[in-house]
Amino acid sequence: MNALAATNRNFRLASRLLGLDSKLEKSLLIPFREIKVECTIPKDDGTLATYVGFRIQHDNARGPMKGGIRYHPEVDPDEVNALAQLMTWKSAVADIPYGGAKGGIGCNPRDLSKSELERLTRVFTQKIHDLIGIHTDVPAPDMGTNAQTMAWILDEYSKFHGHSPAVVTGKPIDLGGSLGREAATGRAVVYATEALLAEYGKSIQGMSFVIQGFGNVGSWASRLIHEKGGKIIVVSDITGAIKNPNGIDIPELLKHKEATGSLKSFSGGDYMDPKEVLVHECDVLIPCALGGVLNRENAADVKAKFIIEAANHPTDPEADEILSKKGVVILPDIYANAGGVTVSYFEWVQNIQGFMWDEEKVNTELMKYMTQAFHNIKNMCQTHACSLRMGAFTLGVNRVARATILRGWEA
């Protein structure tokens with residue numbers, strides 16, 4: 001099931017639990033605005049190339065819309081739509097005053113030089129500058145984009161609207177980016193894991209972990225779990241998978257990956273079949289990479305007791321049912337990976353105030369938001385006698401629905 005179908009399904013289940021009016025339900029599903037623009041740029045060799053850019057602005061009942069911009073060959077309106085909708089619920093679950101949006105350009109950033117990427121980003125910004133803004137829609141980095149991309153958007157946007165650092169988040173620190181932003185998603189995954197384990201009288205120390213995906217989120221989560229005494233027995237990424245039943249030395253693995261760009265030939269663990277990673281024996285499984293990795297083919301073989309969804313949509317609905325019947329506890333993505341958007345919110349606040357926080361304040365506030373959100377989800381689970389996923393969806397959808405009704409959506 002694709003991301004849009006799965007998101008819509010979860011939304012409808014939550015809507016039924018909440019007893020939402022069918023007209024309101026339809027209104028909440030339909031995006032506020034869909035933007036599609038043509039971006040033509042001169043390539044370095046003088047030829048012209050045209051790319052299609054998208055921005056889906058899903059909902060602004062609770063505040064400006066917020067969401068990443070991805071550069072990827074398979075960016076299509078359906079996927080962007082699902083991700084924009086997820087951002088609406090995710091912001092509401094974390095209780096930050098944002099709605100949801102998502103955007104992207106259908107291109108392969110690896111095939112473009114830095115100057116071509118800059119030209120493409122600036123043309124895209126020129127086409128959408130009057131539809132984004134500090135109090136309208138605040139983009140952020142996503143797959144294939146980074147702090148440099150945000151710096152170009154900020155610069156191009158400021159040519160039209162004056163210096164506006166709060167128009168994007170995930171910027172370089174020198175241009176008003178927030179300390180702690182890079183580690184935020186991985187750090188919040190750890191805070192979320194601690195909150196969940198505490199419910200079962202457990203802590204990270206002494207538990208065994210499998211980390212699938214060793215990019216930004218996976219590597220930060222691994223580092224912090226290792227520091228807290230968790231035993232990481234398997235790590236994988238696109239270069240391969242390694243295991244060590246006694247626990248992998250994460251600082252050493254990070255050095256090895258930094259030096260070689262790969263997990264292969266790491267002396268502190270044995271190479272293993274990447275297909276075995278998700279079904280390896282462990283206490284906690286953390287998928288940090290792609291969507292749909294847990295599906296009906298492998299769900300029955302999962303041996304983890306807890307799954308923390310650090311990736312977006314890693315568990316198909318069919319797998320969800322199989323795992324729930326087995327008694328596996330799943331912490332859903334719209335809560336578990338909300339650290340990025342939460343610290344993006346802190347960055348936006350700092351930019352608007354013109355007053356920057358130290359890293360300790362960022363991390364303290366992040367922990368406060370993640371812990372509070374977990375307790376709010378648990379309350380919804382008790383109210384509606386539902387899973388953590390439905391607890392999170394009912395929490396998010398209910399907040400957006402209430403804001404929509406209070407604003408007078410039928411007028």
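For its 411 residues, a compact globule would have a radius of gyration near 22 Å, and the protein chain agrees with this because its own value is 21 Å. The model described here is predicted. Its chain is divided into two parts, domain 1 (32-165) and domain 2 (180-354 + 363-410).

**Overall form**

- The C-alpha trace of the protein chain spans about 55 × 55 × 40 Å along its principal axes.
- The secondary structure of the protein chain comprises 13 helices and 12 strands.
- Domain 2 is written as two segments, 180-354 and 363-410, whereas domain 1 is given as the segment 32-165.

**The interface of domain 1 and domain 2**

- A distance of 25 Å separates the C-alpha centres of domain 1 and domain 2.
- Contact between the domains involves 24 residues of domain 1 and 26 residues of domain 2.
- About 2200 Å² of area is buried between domain 1 and domain 2, and carbon and sulfur atoms give 71% of this area.
- Within domain 1, the residues that lose the most area to domain 2 are W89, K90 and V93, which together account for 29% of what that side buries.
- In polar contact across the interface of domain 1 and domain 2 are 7 residue pairs, with both residues at pLDDT 80 or more.
- Helix α3 (residues 77-93) supplies 9 residues to the side of domain 1 that touches domain 2, the largest share of that side.
- By residue class, the side of domain 1 that touches domain 2 consists of 15 nonpolar, 4 polar and 5 charged residues.

**Salt bridges**

- Side chains of opposite charge can pair when their charged atoms come close.
- In the structure as a whole there are 27 salt bridges.
- Across the interface of domain 1 and domain 2, 1 salt bridge is found.
- D95 and R399 form a salt bridge through their side chains, with an N to O distance of 3.9 Å; this pair counts as a salt bridge because the nitrogen lies within 4 Å of the carboxyl oxygen.
- A further salt bridge joins R119 and D44, whose closest N and O atoms are 2.7 Å apart.
- R119 and D44 link distant parts of the chain, as they are 75 residues apart.
- R119 belongs to helix α4 (residues 114-128), while D44 is in the loop between β1 (33-42) and β2 (48-59).

Technical notes. Residues are numbered from 1 along each chain as its sequence is written. This is a predicted model: local features need pLDDT of at least 70, side-chain atom pairs count only at pLDDT 80 or more; totals for chains, interfaces and linings use all residues. Side-chain values use heavy atoms; hydrogens and water are left out. Domain bounds come from an automatic or database domain assignment. Contact means heavy atoms within 4.5 Å. Buried area is the accessible area (1.4 Å probe) that two parts lose on being put together, summed over both. A polar contact is a pair of N or O atoms within 3.5 Å; within protein, one must be able to donate a hydrogen and the other to accept it, and residues adjacent in sequence count only if both atoms are side-chain atoms. Helices (H or I, at least four residues) and strands (E, at least two) are DSSP runs, numbered from the N terminus. Ala, Val, Leu, Ile, Met, Phe, Trp, Tyr, Cys and Pro count as nonpolar, Asp, Glu, Lys and Arg as charged, and the others, Gly among them, as polar. The radius of gyration is taken over C-alpha atoms; the globule rule is 2.2 Å times the number of residues to the power 0.38.
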